[in-house]
Amino acid sequence: QGWNGWGVGYGLRHLLVNRHFVLPHYHVPTIAHLRFGALRACGVKAVVFDKDNTLSVPYEPRVLPELQAAFDECVKTFGREKVVIYSNSAGSPDDTDHTEAAHIEQTFGVPVLRHTSKKPHGGAELVTHFGGQIGTDEMVVIGDRYFTDILLGNLHGMLTIATDPFTTRNELPLVQRIRKAERWYVDMLKRGGHKAPPHASILNNNSNAHNITRV
């Protein structure tokens, strides 16, 4: 994972107002601990995945073998056109001719978002990607970074699911230090009784919400 200084800085500024926006609605070890059928039954219509340390080893263009079955279940449940990978590198202006995005699409079998905004921005670009037919409140974002993936989702009214990173391979030391700081901050908020912002349209009065995770 690369260094996203702008995203981290934006996240820190936003946390002065809404600290709880870095808290996910759900936390699971990996995507293998999710029931995608239950997510769909709750009203989720589209899935937004982070890539590095959520689906794959950082910078490697393939799903981690242990997660392939879960990823396939997601694609089967929602359909390829309703699943997208949002990477802060692939598909961005840093990705010349979107070569990296095209390679990931070939190996993962789902689209990579073309975008000009880095997480935690990007809500409008996601709506555009899905043809304006799906609102952000009908999307779920799944990722391992609290100040980018989870903040992105909560800023734009999405359901948010945090996963644990599974490797430090290929990661910059600075990214590893920031990740530890994020984890410390999130743990501190939880100890203080803070919770993720409410998501009324999906979680309230929905019996399927209790079946989303396998843990």
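In which strand is valine 48 found? Valine 48 is found in strand 2, where strands (E, at least two residues) and helices (H or I, at least four residues) are DSSP runs numbered from the N terminus. The model is predicted, so local features need pLDDT of at least 70 and side-chain atom pairs count only at pLDDT 80 or more, whereas totals for chains, interfaces and linings use all residues. Residues are numbered from 1 along each chain as its sequence is written, and side-chain values use heavy atoms, with hydrogens and water left out.

The strands form an open sheet of five members in the order 1-5-4-2-3, with parallel pairing; two strands are taken to pair if DSSP finds at least two bridges between them. Strand 1 (26–28) and strand 3 (83–85) stand at the edges with a single partner strand each, so one side of each is left without a neighbour in the sheet. From one strand to the next, the twist averages 20°, with axes being lines fitted to C-alpha atoms, for helices over the stretch in contact, and angles running from 0 to 180 degrees between N-to-C directions. Helix 6 (residues 146–155) packs on this sheet and touches strand 1, strand 4 and strand 5, and its direction makes about 160° with that of strand 5; contact here means heavy atoms within 4.5 Å.

The pairing can be followed strand by strand. Strand 4 (residues 139–143) and strand 5 (residues 159–163) run parallel and are joined by four bridges, in which glycine 143 has alanine 162 as its bridge partner and isoleucine 142 has isoleucine 161. Strand 2 also pairs with strand 4 in the parallel sense, over four bridges, and phenylalanine 49 stands opposite isoleucine 142 there. Strand 2 is joined to strand 3 by three bridges, again with the strands running parallel, and the bridge partner of valine 47 in strand 3 is valine 83.

Leaving aside neighbours within four places in sequence, valine 48 is in contact with Val84, Tyr86, Leu126, Met139, Val140, Val141 and Ile142.

In soluble globular proteins, nonpolar side chains tend to be buried together. A nonpolar core is defined as a set of buried Ala, Val, Leu, Ile, Met, Phe, Trp, Tyr and Cys residues joined through side-chain atoms within 4.5 Å. The largest such core has 36 residues, of which Ile31, Phe36, Phe49, Phe71 and Ile142 touch the most other members. Among the elements that each supply at least two residues of this core are helix 2 (36–41), strand 2 (46–49), helix 3 (68–78) and helix 4 (99–108), and the largest share, five residues, comes from helix 3. A second, separate core of 12 residues includes Tyr86, Leu113, Leu126 and Phe130.

The structure also holds three aromatic pairs; rings of Phe, Tyr and Trp (its six-membered ring) pair if their centres lie within 6.5 Å, and planes under 30 degrees apart count as stacked, over 60 as edge-to-face and the rest as tilted. Phenylalanine 49 and phenylalanine 71 form a tilted pair, 5.7 Å centre to centre with 55° between the planes, and this pair links phenylalanine 49 in strand 2 to phenylalanine 71 in helix 3, 22 residues apart. Phenylalanine 71 and phenylalanine 108 form an edge-to-face pair, 6.1 Å centre to centre with 85° between the planes. Phenylalanine 71 lies in helix 3 and phenylalanine 108 in helix 4, so this pair ties together parts that are 37 residues apart in sequence. Phenylalanine 71 counts as buried at 1% relative accessibility, as does phenylalanine 108 at 7%.

Notes. Buried means under 20% relative accessible area, exposed over 50%, partly exposed in between (1.4 Å probe, protein chains only).
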